[in-house]
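Hello,

Here is the structure we talked about handing over. Please open it alongside this note.

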Amino acid sequence: THFGFKTIAEEEKEHLVRNVFSSVASKYDLMNDAMSMGVHRLWKDDFVSLLKPGSKGPIKCLDVAGGTGDIALRILDYAREKYADRETTVDIADINPEMLKEGHTRFKKTMYHNTPQVSFTEANAQGMPHIPSNTYDLYTIAFGIRNCTSVPAVLKEAHRVLKPGGTFACLEFSKMTNPALNALYDQYSFSVIPMLGTIFAGDRNSYQYLVESIRRFPVQPEFAKMISDAGFATGTMREGKGDASAWGQARDP
Ligand code: SAM
């Protein structure tokens, strides 16, 4: 790879990932819009509406690698707008304090600020010892798992913190099955994304890293197997719009 991430030690990768997101934090939301031409909003809307938070009464959610709170905000809005639910809660966990700070500032402008409905905690998805086992009804991770050093460790921890019968839901980039579209995407991601990173965030390398991390992520059937291996049952995989996929898997009741 361009940066040789495959050969460096795990701690070093974690350190690099932390730096990448520290570097992009203040421009993160703007860059997401620029890179996806706004489509990431549709993927996220679609993801949350599949999960229907609040449909069975208030739930306890954990949004891991939650960053600036895009998923958390959608979960809370969905539960409130569709079901008049103001008791569903989302705890946002992220390894990067700068991303969390951006999220916190953003939530200040919402009705959830200073309520028990939302919290922000610095945590590594691979080990969250501050969270007791069997705590959450819903665990979400959006565009985050590919940045983690050990995907199996993340899945194991997700299984532990979910209540029996709880739902693991992951939104992530994946390989497109159509070779022509794949070639087009490769062209776009290797030239346009780092260029947008230079223009909007003054940081080509961080965006080059993001592109690389998408390429290295396991293909859909491989990832589905990793989820089952972590002890989850009855999985569904849904090819999303564009190149994102949503994964939902329930923990054994
Ligand atoms: N979920 C948000 C969204 O969809 O907009 C943010 C996604 S952002 C591409 C990836 C996030 O993963 C960053 O905020 C980064 O700090 C976080 N992250 C990377 N490695 C992590 C880890 N090991 N544990 C927790 N968060 C991590």
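Which side chain does the side chain of Gln 117 join through a polar contact? Arg 86, at 2.9 Å. A polar contact here is a pair of N or O atoms within 3.5 Å; within protein, one must be able to donate a hydrogen and the other to accept it, and residues adjacent in sequence count only if both atoms are side-chain atoms.

Some ground rules. This is a predicted model: local features need pLDDT of at least 70, side-chain atom pairs count only at pLDDT 80 or more, and totals for chains, interfaces and linings use all residues. Residues are numbered from 1 along each chain as its sequence is written, and side-chain values use heavy atoms, with hydrogens and water left out.

Back to Gln 117. The residue sits in the loop between α5 (97-107) and β3 (118-122). Helices (H or I, at least four residues) and strands (E, at least two) are DSSP runs, numbered from the N terminus. Gln 117 counts as buried because its relative accessibility is 3%. Buried means under 20% relative accessible area, exposed over 50%, partly exposed in between (1.4 Å probe, protein chains only). Beyond its neighbours within four places in sequence, Gln 117 is in contact (heavy atoms within 4.5 Å) with residues including Leu 76, Asp 85, Thr 88 and Tyr 112.

The overall picture: the protein has nine helices and seven strands. Of its 253 residues, 50% count as buried.

Now the ligand. An oxygen atom of the ligand lies 2.6 Å from an N or O atom in the Asp 94 side chain. A ligand nitrogen is 2.8 Å from a polar backbone atom of Ala 65. Another pairing puts a ligand nitrogen 3.2 Å from a polar backbone atom of Ile 95. On its own the ligand has 600 Å² of accessible area (Shrake-Rupley method, 1.4 Å probe), and the protein covers 98% of it.

Last, the nonpolar cores. A core is a set of buried Ala, Val, Leu, Ile, Met, Phe, Trp, Tyr and Cys residues joined through side-chain atoms within 4.5 Å. The largest has 26 residues; Ile 75, Val 90, Ile 92 and Phe 107 touch the most other members. Elements giving two or more residues to this core include α3 (39-51), β2 (89-94) and β4 (136-142). α4 gives the most, with six residues. Apart from this core lies another of 25 residues, among them Ile 141, Leu 155, Cys 170 and Ile 227.

Best wishes
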